[in-house]
Amino acid sequence: MPAPRPEVAVGVVAVRDGRLLLVRRGRGVGAGRWSLPGGRVEPGETLTEAVRRELREETGLDGTVDGLCGVAERMGDGYHYVILDYWVEVAAGDPVAADDAAAVRWAGRDDLARLDLVEGLVEFLADHGVLPRLA
């Protein structure tokens, strides 16, 4: 079986009061594990529009996209994603899990060691200067 064509996806890197916004995946790749909010870019959608849509769909929050944090690539049986993760300033309010997110939470640095995170997330956060921003 040939490898799947890479798909472009976006992710949300939102830190508020020293805590990182995470969602627990409800389905698809990484189901049951904690990750950054995000997903595929839809046809005709800009990257910024995709970031804001995914944030709103998965957490009910709105935010302002502040720029690219970093790029991640995830490959496995039947999938290949190129993920552009963006810094996002999230508006006030409490997140509510929706769409394909089974749960949502703000997590501090100590929480990351206890949560079942998607593969490579901690390394990404360390490599892109996110961990020092967490309490």
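This is a predicted model: local features need pLDDT of at least 70, side-chain atom pairs count only at pLDDT 80 or more; totals for chains, interfaces and linings use all residues.

Visitor: Which residues lie nearest the centre of the largest pocket?

Guide: Among its 32 lining residues, those nearest the centre are R25, V29, S35, Y81 and I83. The space in this pocket amounts to about 810 Å³.

Visitor: Which element gives the most to the lining of the largest pocket?

Guide: That is β7, with 4 residues. At least two lining residues come from each of β1, β5 (38-40), α1 (47-59), β6, β7 and α3.

Visitor: How should I read a nonpolar core?

Guide: In soluble globular proteins, nonpolar side chains tend to be buried together. Here the largest nonpolar core has 23 residues, and V13, L20, L22, L112 and L125 touch the most other members. Elements giving two or more residues to this core include β3 (19-25) and β8 (101-107). A second, separate core holds 17 residues, including V10, L21, V88 and W106.

Visitor: What is L112 in contact with, leaving aside its neighbours within four places in sequence?

Guide: L112 contacts L22, A107, L117, L125, L131 and L134.

Visitor: Is D111 buried or exposed?

Guide: D111 counts as buried because its relative accessible area is 11%, and buried means under 20%. This residue lies in helix α2 (residues 109-114). Its side chain reaches the backbone nitrogen of G108 at 2.7 Å. Not counting residues up to four places away in sequence, D111 touches R19, R105 and W106.

Definitions and conventions:
Residues are numbered from 1 along each chain as its sequence is written. Side-chain values use heavy atoms; hydrogens and water are left out. A nonpolar core is a set of buried Ala, Val, Leu, Ile, Met, Phe, Trp, Tyr and Cys residues joined through side-chain atoms within 4.5 Å. Buried means under 20% relative accessible area, exposed over 50%, partly exposed in between (1.4 Å probe, protein chains only). Contact means heavy atoms within 4.5 Å. A polar contact is a pair of N or O atoms within 3.5 Å; within protein, one must be able to donate a hydrogen and the other to accept it, and residues adjacent in sequence count only if both atoms are side-chain atoms. On a 1 Å grid over the protein atoms alone, a cavity is a set of points where a 1.4 Å probe fits but cannot get out, and a pocket is an open set with protein on both sides within 12 Å along at least five of seven lines; lining residues have an atom within 4 Å of a point. Grid points are joined across faces, edges and corners, and a volume is the space filled by probe spheres set on the points.
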